[in-house]
Amino acid sequence: MTFPNDPGRPASAYDAPDGVDLDRVWTTVATEVWRRHPGRLERTAIRLLRSPGLARALITTPSLLLPWLISTVVVFGAGALISLGPGQPVVWLVAPAVAAVGIAFAYGPAVDPAWELSSSCAVSQRMVLLTRAVAVFALNAALGLLASAASGAVAALTFGWLLPMTAVSALALAAAVVARSAVVGAAAGVAAWVITVLAGQTASGQLTASATNAHAYPPYLAVAACCAAVIIYAVRPERGLQ
Amino acid sequence: MLTGIHRSFGKNKAVDGVSIELGSGVFGLLGPNGAGKTSLLRMLATVLPPSSGEIRLLERDPRGPAARREIRRRLGYLPQNLGYYPSFTVVEFIEYFALLKEMPSAQVPKAVALAVERVDLGAKAKAKLRTLSGGMLRRVGIAQAIVNNPDLLLLDEPTAGLDPEQRVQFRALLRSLGETATVIVSTHLVEDVGAACSEVALMSAGKIVFRGTPDELTARGAGHGVGDAPLERGYSAVLSAARS
């Protein structure tokens, strides 16, 4: 510790009374002064996610500006994809894969400056990535809800894409937290989405037509390749791990 | 403990058959650029897998998920290129990584304050990282590495960007940390090793070509080698012998 120069006072005036450890006192003061008090949202996230680290990752996701911008652009781009091909199961299936890849890229080693440091931490990077996906969809859905009052097109995007994907990514994260496995969570999210899409197609009688249409096969293969890429990315050995 | 560790990137052998066992104390890893120091440290930090060989850290095999998680809780790591989040404050950044290391949350505020004080950044505790100089950012990196009071501390070029006074303070911090933990410092600054390390290894072309105390390395330079300081002469003499 350092003390201000004050030649007018005797040096002994700065001495601590006997038995007082000034370093310890200062650390206690600094602890209180610098202590960050988590907000209500973060406290709730800590309880739900059972991890202060994941809760902090959730809250800070939008503050990582470049990854946030990239992932938001990709999410809205995937939403636009759906509006271009309404009713096509292939589009409904490929859009989440595109969004997932975009978020993984934005918060992955190519863009996240502290990726290597995070990779050496106890909280799994895959869990952090799932958490970031929830944050991206949830905040964009909240913004979409606000914008829906002004535009019908935004309302369609919000209710047809952002809110469902927020629910799916939240489900995936919940499953991951319960199972303590990001892979299980991702599988649960993918399964929930596929079931929802196929059930909707079946109910509207479009499933048979889409399955027998030969022109749809190349896009289906593209979807399969895309999903395979996502899965390979999700389950690849973490950097440093075999 | 490392046994026969190899790591290749394509045809380039970054680490070529390194075996080493370490206890507590400060261990210096010296070598020229491209010698394999950073690759070795990244493998010890569990962020890079060895191509072959066996690693045991803190008496655990990091290939198992549960063991790896436990190792990472007790690990401190300062990468060579520390990425940071510009919008975070010093305290927020250190706290974030304390939480990712799964420190008990009740202990985090005090541990963060201690770490900030140990690297002498108290005056900048609430400053955004984007406002700090390179040397200050390096100290932030050191603070996040030591915040969990690690049993294994890995520091890659920790004194890069520090001014001479800060380097002296940092060496004292290293000696203090080495009393209870295994501290491995990768550096190309020979004087850091001489001042802070109880043991040193010198790497060249992926292999460890010398291991001993700084005094033993100094003795290798007696009568030959180039350099301004005795330890530098020992360093260059060992390297010349390894290359010839």
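A crossing of two helices counts as left-handed if the near helix is turned anticlockwise from the far one by less than a right angle. That is the case in chain A of this predicted model, where H7(A) passes H8(A) in a left-handed crossing. Helix H7 of chain A runs over residues 125–148 and helix H8 of chain A over residues 152–179; their axes sit 8 Å apart, at an angle of about 155°. Since angles over 145 degrees count as roughly antiparallel, H7(A) and H8(A) are therefore roughly antiparallel to each other.

Turning to chain B, the fold is built with 9 helices and 9 strands. Its radius of gyration is 18 Å, close to the 18 Å that the globule rule gives for 244 residues, so chain B is as compact as a globular protein of that length. The C-alpha trace of chain B spans about 55 × 40 × 35 Å along its principal axes. Of the 244 residues in chain B, 51% are buried. Looking at contacts in chain B with a separation of 6 or more, 63% link residues 24 or more positions apart.

The two chains also meet: 37 residues of chain B are in contact with 29 residues of chain A.

Note on methods. Residues numbered from 1 in each chain as written. Chains lettered and ligands numbered in written order. Predicted model: local features only at pLDDT ≥ 70, side-chain atom pairs only at ≥ 80, totals over all residues. Contact = placed C-beta atoms within 7 Å. Helix = DSSP H or I, 4+ residues; strand = E, 2+ residues; numbered from the N terminus. Rg over C-alpha atoms; globule rule 2.2 N^0.38 Å. Buried ≥ 20, exposed ≤ 12 C-beta atoms within 10 Å, placed from the backbone. Axes fitted to C-alpha atoms, helices over the stretch in contact; angles between N-to-C directions. Parallel < 35°, antiparallel > 145°, perpendicular 65-115°, else oblique.
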